[in-house]
Structures are given as C-alpha cells and as structure tokens.
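Please open the structure in a viewer and keep the selection panel at hand.

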Amino acid sequence: MATTSTQYDQLQRQASNLSPADRLPLDSPYEISNELYDALRKVLHDVGGQPDTPVPFTEKGEEDWEMNTYLTCECLGWRGVWNSEERRRRENDLGATQYFGLPYYARWITVAAKALVDRGLITTDELGQKIDEVRTRLERKRS
Amino acid sequence: MKTMTPRFQVGDRVTVRDATTMFHTRTQGFTRGQTGTVVEHRPAWIVPEDEAFGIMENGRYTPFYVVRFKQTDLWPDYTGFEVDTLETECSEMWLEPAGKGKK
C-alpha cells in the first residue's frame with residue numbers, strides 16, 4: 001500500500017486516537033528508570049490481578065478466515081514450523097497497540113506470517129504479491 | 001514424553017521465585033514471591049521460556065507442578081471465603097522450597 005504523507009498523518013492520528021489523552025509521551029528518551037524498563041518489558045498477556053471493567057458477553061461465531069487462520073497455525077505446528085508457546089510470545093512481541101488493536105485471529109495470522117519470514121520459508125515480497133493478488137481477485141468479484 | 005525425577009513432592013510448600021524475566025514467561029506476576037502447596041505432578045515438558053523461542057524436542061526439559069495458593073494470600077483485599085484457593089502450573093525452575101528466598 002502506497003503511503004503518502006497525508007495518509008501517514010491519518011494513520012498516526014488513528015493510532016494516537018487509541019491512546020489516553022493524558023499520557024507521558026515517549027519518544028526514544030536518552031534514559032529511562034529501571035522501573036519504567038520493567039513496566040515496558042511486561043508480558044502483555046499476563047493480566048491476572050490487573051484492574052479492568054466488565055466486558056459485555058456476546059455470542060460470536062467464527063468466520064471462515066478465523067477458522068482458516070486457526071487451522072493454518074495448527075498445521076504449521078504439526079509440521080514442526082513452530083509451537084503455540086512461540087505464537088504467544090510473538091503475539092506479546094507485537095507491542096500493546098497492535099496486541100490490543102488487532103482482532104484475536106488477526107494477531108495469530110500476523111505472527112504466523114512473521115514466523116515464516118523469520119525462518120526463510122517465505123519472503124516478504126512473495127507475501128505482498130499474494131496479498132495483492134487476493135485483493136485484486138476480491139475487488140473484481142465485488143464490482 | 002520424558003520421565004524426570006521431580007525435585008518437589010505433592011504436599012511440599014514452595015515459593016515462586018520473584019526473578020527477572022527477559023522477553024517472555026508463563027509464570028504469572030501475581031504468583032511471584034507467593035507460597036503455595038504442590039498438589040499434582042504434571043508431565044515433563046520443554047522449558048516454556050525456551051519453547052517460546054522455537055526450541056522444541058531437542059530443548060531442555062523440566063518437571064511441571066500444579067501449585068495451590070490461598071486466595072487470601074494472593075490478593076490482600078480478597079473479599080471471598082477464607083478457604084478459597086487458586087491452582088496454577090509452574091515449571092521447576094520457578095519454584096524453591098518455602099522460606100528460602102526473600103519474600
């Protein structure tokens with residue numbers, strides 16, 4: 001996807017809209033405290049004891065892409081490419097904004113792609129080309 | 001599945017180490033430094049912190065334990081019953097005999 005400076009501004013605004021209005025801006029500071037380093041290193045999925053508000057319970061069936069993602073990830077495990085612990089670690093490594101910003105299975109498929117790239121099983125340009133191919137096919141189907 | 005001789009027996013009092021972790025762990029923050037009782041042995045498996053980086057069959061194995069904590073120990077403002085407990089799984093490297101480490 002081509003990113004013009006206007007689009008970049010929009011993307012940045014979308015991401016910053018997700019952050020609290022009153023916050024300590026971090027812009028690669030020269031020094032941070034050990035306490036802040038501990039906090040920044042926190043494993044994101046370790047939420048036990050963290051204060052939170054009630055979440056409404058909704059019945060949501062799995063969509064095709066979600067089940068396909070699940071099966072793809074399981075098959076990658078079956079064929080010895082990775083394991084579920086590595087998947088969880090990679091999800092945490094996305095960082096808070098993407099971890100909490102992406103739908104559950106979008107997190108899975110994002111880190112699965114990164115694992116395949118890391119292991120040299122696919123290249124980012126092959127992946128990009130495939131995404132473009134699928135996008136074109138779907139757009140043609142819709143029009 | 002590998003058979004390993006576990007260091008702790010069912011009934012032993014153990015304290016979860018409050019150690020620095022780099023990059024990833026499965027040991028929940030709320031159990032760190034807390035003391036509980038071993039209630040079950042679980043099959044030995046890869047050290048989770050190694051497994052998280054893609055180490056599989058050839059990696060270091062460790063015994064796992066189910067440890068039972070009193071809820072009133074874990075949460076200072078717990079409002080439930082005194083007898084309430086919480087069980088979670090810990091790998092051996094995270095446990096030490098109760099009373100050994102700094103609490």
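Begin by selecting chain A, which holds 7 helices and 0 strands. The model is a predicted one. Following chain A along its sequence, one reads the pattern α-α-α-α-α-α-α. How does the radius of gyration of chain A stand against the globule rule? The value is 19 Å, well over the 15 Å that the rule gives for 143 residues, so chain A is more spread out than a compact globule.

Keep chain A selected and display its C-alpha atoms. Along the principal axes, they fill a box of roughly 50 × 40 × 40 Å. Of the 143 residues in chain A, 20% are buried. Where contacts in chain A join residues at least 6 apart in sequence, 58% of them link residues at least 24 apart.

Now select helix 3 of chain A, residues 64-78, and within it pick out Cys73(A). Is Cys73(A) buried or exposed? Its relative accessible area is 4%, and Cys73(A) therefore counts as buried, the cut-off for burial being under 20%. For a view across the chain, draw a distance from Cys73(A) to Leu36(A). The two residues lie 37 residues apart in sequence, and their C-alpha atoms are 34 Å apart in space.

Leave chain A and select the sheet in chain B. In what order do its strands lie? The sheet is open, with 5 strands in the order 4-3-2-1-5 and antiparallel pairing. At its edges are strand 4 (85-91) and strand 5 (95-97) of chain B, each of which pairs on one side only. Viewed with direction ignored, neighbouring strands of this sheet are turned by 40 degrees against each other on average.

Strand 3 covers residues 61-70 and runs antiparallel to strand 4, to which 7 bridges join it. Finish by showing the side chains of Tyr65(B) and Cys90(B): Tyr65(B) stands opposite Cys90(B), which belongs to strand 4 of chain B.

Technical notes. Residues are numbered from 1 along each chain as its sequence is written. Chains are lettered from A and ligands numbered from 1 in the order in which they are written. This is a predicted model: local features need pLDDT of at least 70, side-chain atom pairs count only at pLDDT 80 or more; totals for chains, interfaces and linings use all residues. Side-chain values use heavy atoms; hydrogens and water are left out. Two strands pair if DSSP finds at least two bridges between them. Helices (H or I, at least four residues) and strands (E, at least two) are DSSP runs, numbered from the N terminus. Axes are lines fitted to C-alpha atoms, for helices over the stretch in contact, and angles run from 0 to 180 degrees between N-to-C directions. Buried means under 20% relative accessible area, exposed over 50%, partly exposed in between (1.4 Å probe, protein chains only). The radius of gyration is taken over C-alpha atoms; the globule rule is 2.2 Å times the number of residues to the power 0.38. Contact means heavy atoms within 4.5 Å.
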